[in-house]
Amino acid sequence: MAVETPLTGVSAIDRDRLAKLTRVEREKLEQRTQRSREHWERAKKVMPAGVPSSFQSIEPWPVFVERGEGSKVWDVDGNEYSDFHNGFGVVCVGHGNPKVAAAVAEQARSGTHFAAPTEGAIVVAEELVRRFQLPQWRFTNSGTEATMDAVHLARAATGRDAILKIEGSYHGQHDAVMVSVYPELDELGDRDDPRGIPYGAGYPRALTDLTRAVPFNDADALESALTKMEGQVAALIMEPAMMNINIIPPADGYLARVRELTAANGVKLIFDEVKTGCTIAYGGATERFGVEADMVTLAKATFGGYPGGAVGMTEEIAALIADGEYHQYGTFNGNPLVMAASRTALTEVLTADAYEKLERTNQRLLSVSQEIIDRYNLPAYPEGMGAKGCVIFSSEPLRDYRDYLSKVDGELGTLAWLYHMNHGIFMTPGVEEEWTLSIAHSDDDITTYLNAFESFARDVTGS
Ligand SMILES: Cc1ncc(COP(=O)(O)O)c(C=O)c1O
């Protein structure tokens, strides 16, 4: 997702050179994307900011995409890119994947929607049970809806109203989680003083006051928050590895301690695996880090490029739905087209072998990025796992959002993005984002990325 990035990190880089290169590359991007500008001018007349979702707003204007195939996308100006954006990490199967396309086309011929259950939903739910070790699943249409249901279910299960989340995490666009998404450093307070800072207008204070945030990778701060809020907290919702402020992995033992603390305090643990699920391992973060939550939320890559979401839960929580205590509704939940895409993606494309390939390709990308960083002495390091990775423009590893705000060099990140876009890499906008590989990414795509990154490193260091 792309947001304003008020980052303060400063490194030993010639700022004048950096500013000049940024001007040059920005002009280059403007020149190459004039038809996108025209589309944007037209779109602004009918859509706020000229985009369907505010995450698609970028400077100087959004790049409108015409089509995609495999690892490539083409914009409306005819520029070809290797796609490292992948629809914010959705298209792990590759654009126009023939198996997924055939399954969806076949389903489309025999009906696109019934609002009655189909066998496809059973197969997808069975596959999710295998991957994520939770016995019961319900479907939604997005990650937002999945985390909304999970929060409601935690409240229903515990009879408590308060929610804990992690500072600097995004879980979708609903009242309970649009809190402490990108707060300023001076709003954060002490690490063990859980606060909630509403993110934008339109969310009633009476609701956002129920959500408080604690820092990532700090089990002591969580323990202290749970003690202060004893008996009030329904759930802790968290990404097991943070993926919306670049990538911050959990420190050794952190998730296990979070599991112990939440269980000991009667708090439901929700792993939001919208980004990590079906991308960083066959069984997502649950498998990769070996810690099981009470609920797991999924969307993005799990649905093979189609708009779906899911919430997995224990038998105890599932009983709340089955008994009619919690009303989990949705006209399009379990839609047959989405289920056909997901079923094929999960059982025929994103197989165990596919994860090995994604990991290998990503490791090459990460290790050669490290070589380039070393060669040019850049204040940066690569981070990644499975299909996901990024170069973080900080000379020290980040442990949490406070580190992200104070250590990341946002100007370097912005220039790197411009270099990628002007050198044939379609890259997620925003300093906080990461790449997502698909099974269609070839050695050539990786080389294109590394060449773009090396050009950036050479020019910005004046080598
Ligand atoms: C971790 C996480 N949770 C939830 C969401 C919301 O998902 P959606 O955009 O499908 O509503 C996102 C979206 O980026 C996300 O990154």
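Reader: Before any angle between helices is discussed, how are the axes and their angles defined?
Author: In this predicted model, angles between helices rest on axes, which are lines fitted to C-alpha atoms over the stretch in contact. The angles are taken between N-to-C directions and run from 0 to 180 degrees.

Reader: At what angle do helix H13 and helix H16 pack, and which term describes their relation?
Author: H13 covers residues 352-376 and H16 covers residues 443-461, and their axes lie 10 Å apart. The packing angle is about 15°. Angles under 35 degrees count as roughly parallel, so H13 and H16 are roughly parallel.

Reader: How many nonpolar, polar and charged residues has the contact of H13 with H16?
Author: From H13 the contact includes Leu365, Val368, Ile372 and Ile373, and from H16 it includes Ile446, Leu450, Phe453 and Ala457. Arg364 and Arg375 of H13 and Asp443, Glu454 and Arg458 of H16 are also among the residues that meet. By class, the contact has 10 nonpolar, four polar and five charged residues.

Reader: Is the crossing of H13 past H16 left-handed or right-handed?
Author: The two helices pack with their axes 10 Å apart. As H13 passes H16, the crossing is right-handed.

Reader: Which term describes the relation of H6 and H11?
Author: Helix H6 (residues 143-158) and helix H11 (residues 315-322) have axes that come within 10 Å and cross at roughly 95°. Angles of 65 to 115 degrees are given one term, and H6 and H11 are therefore roughly perpendicular.

Reader: How many residues of each class does the contact of H6 with H11 have?
Author: H6 contributes Leu153, Ala156 and Ala157, while H11 contributes Glu316, Ile317, Leu320 and Ile321. These residues divide into six nonpolar, no polar and one charged.

Reader: Why is one side of E4 and of E6 left without a neighbour in the sheet?
Author: The open sheet has seven strands in the order E4-E10-E9-E8-E7-E5-E6, with mixed pairing. E4 (136-140) and E6 (211-214) stand at its edges, so one side of each is without a neighbour because each has a single partner strand.

Reader: Which residue of E10 stands opposite Gln136?
Author: E4 pairs with strand E10 (residues 309-313) in the antiparallel sense over five bridges. Helix H5 (residues 119-132) lies across E4, E9 and E10, running at about 125° to E4. Opposite Gln136 in this pairing stands Met313.

Reader: Which residues does Thr118 touch, not counting those up to four places away in sequence?
Author: Thr118 is placed in the loop between helix H4 (98-109) and H5. The C-alpha atom of Thr118 is separated by 8.7 Å from that of Met339, 221 residues apart along the chain. Within the limit set on sequence separation, the residues that Thr118 touches are Gly334 and Pro336.

Reader: What is the radius of gyration of the chain?
Author: The chain has 16 helices and 14 strands. For 463 residues the globule rule gives 23 Å, and the chain comes close to that value, so it is as compact as a globular protein of that length; its radius of gyration is 22 Å.

How values were computed:
Residues are numbered from 1 along each chain as its sequence is written. This is a predicted model: local features need pLDDT of at least 70, side-chain atom pairs count only at pLDDT 80 or more; totals for chains, interfaces and linings use all residues. Side-chain values use heavy atoms; hydrogens and water are left out. Helices (H or I, at least four residues) and strands (E, at least two) are DSSP runs, numbered from the N terminus. Angles under 35 degrees count as roughly parallel, over 145 as roughly antiparallel, 65 to 115 as roughly perpendicular and the rest as oblique. A crossing is left-handed if the near helix is turned anticlockwise from the far one by less than a right angle, and right-handed if clockwise. Contact means heavy atoms within 4.5 Å. Ala, Val, Leu, Ile, Met, Phe, Trp, Tyr, Cys and Pro count as nonpolar, Asp, Glu, Lys and Arg as charged, and the others, Gly among them, as polar. Two strands pair if DSSP finds at least two bridges between them. The radius of gyration is taken over C-alpha atoms; the globule rule is 2.2 Å times the number of residues to the power 0.38.
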